[in-house]
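Colleague: I have a chain open and would like to talk it through. Can you start with what counts as a contact, then go on from there?

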Amino acid sequence: QNTIKFGSVDVNSIIWAMPEINAVQKKLEAKTKEYENELQRMQKDLQDKANAYDKQKATLDRKTAEEREQQLQDMYTRINEYNTQAQQNLQQMQENEVKPIHEKVLKAIETVGKKNGFVQIYDISANSNVVYYNPAFYTDVTSLVKKELGLKEPFSTARWPYFL
């Protein structure tokens with residue numbers, strides 16, 4: 001009798017169990033700290049210049065005061081742009097760093113699927129597109145995939161502050 005086999009897998013739990021994710025986390029934390037330090041430096045510079053302007057404002061002619069206010073506004077705009085760009089860079093870096101890990105997991109899922117005769121294996125991670133599945137008709141292959149990747153159970157459930 002040919003039985004059609006369906007499987008489910010929690011890809012995120014596998015990724016979190018992989019040792020490579022620690023290196024990605026450290027890299028992202030270092031880059032985040034770098035951006036935060038630069039942002040703080042820029043904000044301090046703005047604050048210092050704003051304080052100096054406030055002290056001199058009463059003695060400045062209108063044109064000079066307007067120029068200084070425009071300079072302060074430009075600095076504020078640059079800080080906001082830097083912050084936005086830093087966030088985008090971090091997101092892109094995360095995607096680039098996690099992609100090979102994710103591909104490794106997908107390859108292991110494919111291997112497990114072929115070895116065990118599954119027709120389909122659905123990702124049931126929090127960010128997957130599966131809206132509903134009845135676990136009675138699916139075999140959870142998460143532990144098989146972890147075994148395929150050489151990961152040992154139990155694994156750390158510690159999460160880092162970035163999403164996958």
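Modeller: Contact here means heavy atoms within 4.5 Å. Keep in mind that this is a predicted model.

Colleague: Fine. Leaving aside neighbours within four places in sequence, which residues is Met-18 in contact with?
Modeller: Met-18 is in contact with Ile-101, Lys-104, Val-105, Leu-149 and Leu-151, once those neighbours are set aside.

Colleague: And which residues of the largest nonpolar core touch the most other members?
Modeller: Met-18 is one of them, along with Val-9, Ile-14, Val-105, Val-145 and Leu-149. The core has 25 residues.

Colleague: Which helices each supply at least two residues of this core?
Modeller: Helix H1 (11–17), helix H2 (20–56) and helix H3 (62–116). The largest share is from H3, with 9 residues.

Colleague: What about a second core?
Modeller: There is a separate one of 9 residues, and it includes Leu-46, Ala-50, Tyr-53 and Leu-72.

Colleague: Let me step back. How many helices and strands does the chain have?
Modeller: It has 4 helices and 3 strands. Along the sequence the pattern reads β-α-α-α-β-β-α.

Colleague: How much of the chain is buried?
Modeller: Buried residues make up 29% of the 164 residues. The accessible surface is about 11,300 Å², and carbon and sulfur atoms hold 50% of that.

Colleague: Change of topic: rings. How many aromatic pairs are there?
Modeller: The count is 3 aromatic pairs. One of them is Tyr-35 with Tyr-82, edge-to-face, at 6.0 Å centre to centre and 75° between the planes.

Colleague: Why does that pair tie together parts that are apart in sequence?
Modeller: Tyr-35 lies in helix H2 and Tyr-82 in helix H3, so the pair links parts 47 residues apart in sequence.

Colleague: Is Tyr-35 buried or exposed?
Modeller: Tyr-35 is buried, because its relative accessible area is 13% and buried means under 20%. Tyr-82 has 22% relative accessibility, so it counts as partly exposed.

Colleague: Which strands do Tyr-122 and Tyr-138 lie in?
Modeller: Tyr-122 lies in strand E2 (residues 118–123) and Tyr-138 in strand E3 (residues 138–140), so their pair ties together parts 16 residues apart in sequence. The two rings are edge-to-face, 5.4 Å centre to centre, with 80° between the planes.

Colleague: Which residues do ring pairs link into a cluster?
Modeller: Phe-6, Tyr-122 and Tyr-138.

Colleague: Last one. Where does Lys-5 lie?
Modeller: Lys-5 lies over the face of Phe-118, 4.8 Å from the ring centre.

Methods: Residues numbered from 1 in each chain as written. Predicted model: local features only at pLDDT ≥ 70, side-chain atom pairs only at ≥ 80, totals over all residues. Heavy atoms only, no water. Core = buried A, V, L, I, M, F, W, Y, C linked by side-chain atoms within 4.5 Å. Buried < 20%, exposed > 50% of the residue type's maximum accessible area, 1.4 Å probe, protein only. Areas by Shrake-Rupley, 256 points an atom, 1.4 Å probe, with all protein chains shown as cover. Phe/Tyr/Trp six-rings, centres within 6.5 Å; stacked < 30°, edge-to-face > 60°. Lys NZ or Arg CZ within 6 Å of the ring centre and 35° of its normal.
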